[in-house]
Amino acid sequence: MKTLLQFTCIASLWLTAVSAHADGLKIVAAENFYGGVAKQIAGDSATVTSILTNPNQDPHEFTTNASTAKSVADADIVIYSGISYDPWIEKLLGTNGKPNRVVINVADLIGGKDGDNPHIWYDPRTMPALGAKLVEVLSKIDPAQAGAYQKRLDDFNTSMQPELDKITQIKASSAGLEVTATEPVFGYMAKALGFKMLNYDFQVNIMNDTEPSADQTVAFEKSLTSKTAKILFYNSQVTDPTTDRIKKIAQQSRVPIVGVTETQPPDEKSYVDWMMHELVGVQAALGAKN
Ligand SMILES: [Zn+2]
């Protein structure tokens, strides 16, 4: 609770400062990884505010306050993930907002459905789809800048190429590898790498802050002690005593651990940099296995 209060106070001060100076478009992203890509596409034409930015906070537990409500109400464009990842923003969108406000539900852009793993930004298809949608929306609002938006999208897509190449490289050597995770955040990337993800139901319970069943826990521990799982993906933003214990068992069983996060860490310059660092972590873990 203390962290949440500190976070909301800082966010509230910052939002006040931004709105006092912003003359152009206001884009509000529910999560900072979407905000970062929006900034890359919009450039100086918009002020981008991201709501979920705290690397020490569990986004699944996030609750809104007056400042988040105000930023959503003042936004010209709102971006959120959808499929139950950020239901709090749907509540805010149901109240007052600018008459011409454009709302982008990112899951809709890639055909996501309720009940799917909600961590869709780990799917390499997602950000190019969001970028293309932003170009469409921004070009309608400001046609004179359409060429500039398209150029920035092209640059973004070019910047993703090393990430796509690395995915291809890891997949070529390690497709079919069995891995596991404390929480499903890395799921779509694991799939893109051709990995077989074990213990998914356990992970969903951790995501929903529900105690996994005894059978799920036994199966999870066995996948580590038997070394069936070759990597443990550990989500440092969604932890509890159960995930701490799983991490210890992985260490004792010498199963490599790759740390992953829900939101983009503050020291990562871009979404692509962040994904590249996690993929380099996967390669290091694969090296440690041999
Ligand atoms: Zn999560």
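Lysine 98 forms a salt bridge with aspartate 76, with 3.1 Å between the closest N and O atoms; the term denotes a side-chain nitrogen of Lys or Arg within 4 Å of a carboxyl oxygen of Asp or Glu. Lysine 98 lies in the loop between helix H4 (87-93) and strand E4 (102-105), and aspartate 76 in the loop between helix H3 (66-74) and strand E3 (77-80), so the pair ties together parts that are 22 residues apart in sequence. Helices (H or I, at least four residues) and strands (E, at least two) are DSSP runs, numbered from the N terminus. The structure is a predicted model, in which local features need pLDDT of at least 70 and side-chain atom pairs count only at pLDDT 80 or more, whereas totals for chains, interfaces and linings use all residues. Residues are numbered from 1 along each chain as its sequence is written, and side-chain values use heavy atoms, with hydrogens and water left out.

Lysine 98 is partly exposed at 32% relative accessibility, whereas aspartate 76 is buried at 16% (buried, under 20% relative accessible area; exposed, over 50%; partly exposed, in between; 1.4 Å probe, protein chains only). The salt-bridge count comes to seven. Among them, arginine 125 pairs with aspartate 123, the closest N and O atoms being 3.0 Å apart; aspartate 123 is buried at 7% relative accessibility. Lysine 133 forms a salt bridge with glutamate 136 at 3.3 Å between the closest N and O atoms. Both residues lie in helix H6, three residues apart, about one turn of the helix. Lysine 133 is partly exposed, at 25%, as is glutamate 136, at 40%.

Helix H6 (residues 126-141) also meets helix H2 (residues 32-42): their axes come within 10 Å and cross at roughly 50°. Axes are lines fitted to C-alpha atoms, for helices over the stretch in contact, with angles from 0 to 180 degrees between N-to-C directions. The residues in contact (heavy atoms within 4.5 Å) include Phe33, Tyr34 and Val37 of H2 and Leu130, Gly131 and Leu134 of H6.

Helix H9 (residues 200-207) is mostly covered, with six of its eight residues buried: Phe202, Gln203, Val204, Asn205, Ile206 and Met207. These buried residues pack against strand E5 (178-181), strand E6 (196-197), helix H10 (214-225) and helix H11 (241-252). Aspartate 209, which follows H9, has a positive phi, near 60°.
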